Amino acid sequence: MSSLPEEFKDLEPFAGWALPTRPERVAKLNAAAMAEARTFYDAMLPRMPAVIGRLNKHELGNIGDEADRHLYHLALAFMAVAQPIELGWDQTSNPGSFPFERMPFKDE
Amino acid sequence: VQTTITGDRAGLEGPIDIQAVFRPEHYQREVDQVFRRAWLPVSRAYQLEKPGDYLVKEIPTFGASVLLVRGKDGKVRAFHNVCRHRGSRVVLDAAGNRPAFACPFHGWSYGTSGELLGIPDEDQFPSMDKSKLGLVPIHCEEWEKLVFINMADTPSTTLAQWLEELHGQYNGYFDRMWPVRSTRVELDCNWHIAVNAFTESYHTLYLHRKTTPGIMGGDNNAMRHLPAVQLLEKHVRFANPANPNYRPTPAERVSFQFGSPMYPSFQTSPDAMPPGVNFAKVEKWAFDVVHLFPNCIIVTGNGFCFELWVWPDGPDRCVLESVILGSKPKTVGNRVAQEFNIMRSREVLAEDLASIELQHKALRSGAVKQIHPSLQEIGVAHHYRTLKRMLEANA
């Protein structure tokens with residue numbers, strides 16, 4: 001997994017979360033232990049305003065720079081990880097809920 | 001909070017006999033006497049902006065493939081996606097833009113108004129009237145960027161009549177909306193059970209306690225009583241109460257700092273909205289739910305909208321389609337913000353879908369003959385009243 005922009009080197013340990021598609025991000029989340037998800041969440045939350053500030057220099061749908069594209073996918077993964085953390089769950093998926101594979105959420 | 005219910009409440013009290021809807025002959029009457037007589041919204045018009053834009057909609061209820069296309073005159077039309085020559089499928093892809101449609105079998109081609117344009121080796125059809133062999137049309141009208149079809153040979157009402165007083169009340173509301181994400185799910189569930197899950201909010205207290213705690217109701221309305229329910233002849237809508245003390249979580253705050261607030265945050269400020277949105281002028285309003293009978297539910301909020309379609313596919317199956325609409329993202333930050341809404345609403349919908357499949361299976365055992373909707377679930381009772389009336393009217 002390649003790296004993030006220099007300014008965000010502190011997030012490099014979490015570069016594995018920078019997955020390009022929603023199914024991949026959700027699968028990674030659901031496979032992660034709560035502690036791993038929380039570590040990622042805690043590192044990302046204070047950095048999100050700066051992350052979005054940097055990403056906003058790009059035109060939507062056209063992030064040419066590879067490192068910034070990773071940063072974008074990392075920000076999207078943060079929004080997935082924020083759900084079990086902020087909802088106070090004790091695991092990274094909701095037991096008994098409808099499986100993601102049967103309900104893919106497509107971007108329009 | 002007491003619920004203000006307006007409209008005709010005749011026949012909406014008491015339990016509902018539920019087992020009839022699982023009988024194949026009853027199901028067939030629903031298809032023939034309700035679905036084939038109704039104005040059914042089938043798609044948003046976003047993919048149908050320019051002349052030649054088309055999309056193909058598979059509708060399991062009718063076993064039909066419907067071609068929607070915007071003509072050169074700007075009008076959206078609907079056709080059966082079936083060639084008049086030998087009955088083959090004409091358009092095989094899901095959407096695009098074309099000036100004409102050629103059947104892949106022998107190359108008969110049709111224009112965007114459905115007319116038969118060209119026949120290879122036409123001399124070999126000596127006694128055939130080409131002008132009568134356009135694609136088979138389906139009645140089609142647009143309302144607020146929503147495309148409706150009616151499968152009847154001659155619809156018994158106009159779309160405007162069908163929509164009752166909703167018709168004039170949403171002017172421009174959807175113009176500012178943009179599809180954020182969509183999903184299509186095949187469910188082992190009767191279509192009524194699926195629709196009923198979205199036309200009451202009583203279930204949000206318990207079923208969704210782990211995914212949307214605290215967003216509605218609040219200290220003065222702990223049971224989330226609906227401020228207002230409006231019963232129309234066929235349709236129903238109800239206002240939902242926001243919790244004024246709801247505190248957005250940190251990621252939610254970060255998100256909506258960089259994009260317009262969407263569910264589970266509510267903008268209750270009275271933006272300029274058409275009269276149908278927050279129709280009851282509720283303070284501390286979250287959103288309205290509008291049930292367009294028979295099978296479409298539209299959740300209208302300030303800055304966001306959910307749409308759900310439930311397409312029957314036999315008494316024990318349905319296809320559920322859902323779209324979230326929001327502001328069209330202009331920046332990467334707007335897009336990242338919407339991901340919060342997408343991930344949260346996915347978790348909420350996943351609870352609904354798991355629940356209704358279980359409920360269907362449980363009801364199918366036959367152990368329970370009747371269901372007991374509360375006053376807060378009057379939309380459920382209203383659905384079965386409209387069903388009964390339409391079955392009787394079209395018998």
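Colleague: How many residues of chain A are in contact with chain B?
Modeller: 38 residues of chain A touch 41 of chain B, where contact means heavy atoms within 4.5 Å. This is a predicted model: local features need pLDDT of at least 70 and side-chain atom pairs pLDDT 80 or more, while totals for chains, interfaces and linings use all residues. Side-chain values use heavy atoms, without hydrogens and water.

Colleague: What area is buried between chain A and chain B?
Modeller: About 3,500 Å², with 64% from carbon and sulfur atoms. That is the accessible area (1.4 Å probe) the two parts lose on being put together, summed over both.

Colleague: And how many salt bridges across the interface?
Modeller: The rule finds 3, taking a Lys or Arg side-chain nitrogen within 4 Å of an Asp or Glu carboxyl oxygen. A:Arg22 and B:Glu339 form a salt bridge, at 2.9 Å from N to O.

Colleague: Which elements of chain A give two or more residues to that side?
Modeller: Helices H1 (22-31), H3 (48-55) and H4 (66-86), plus strand S1 (106-107). Those are DSSP runs: helices (H or I) of at least four residues, strands (E) of at least two, numbered from the N terminus. H4(A) gives the most, 9 residues.

Colleague: Switching topic. How many disulfides over all chains?
Modeller: 0, counting cysteine sulfur pairs within 2.5 Å.

Colleague: What is the nearest cysteine sulfur to B:Cys83?
Modeller: That of B:Cys103, 4.0 Å away. B:Cys83 is buried, at 4% relative accessible area; buried means under 20% (1.4 Å probe, protein chains only).

Key:
Residues are numbered from 1 along each chain as its sequence is written. Chains are lettered from A and ligands numbered from 1 in the order in which they are written. Buried means under 20% relative accessible area, exposed over 50%, partly exposed in between (1.4 Å probe, protein chains only).
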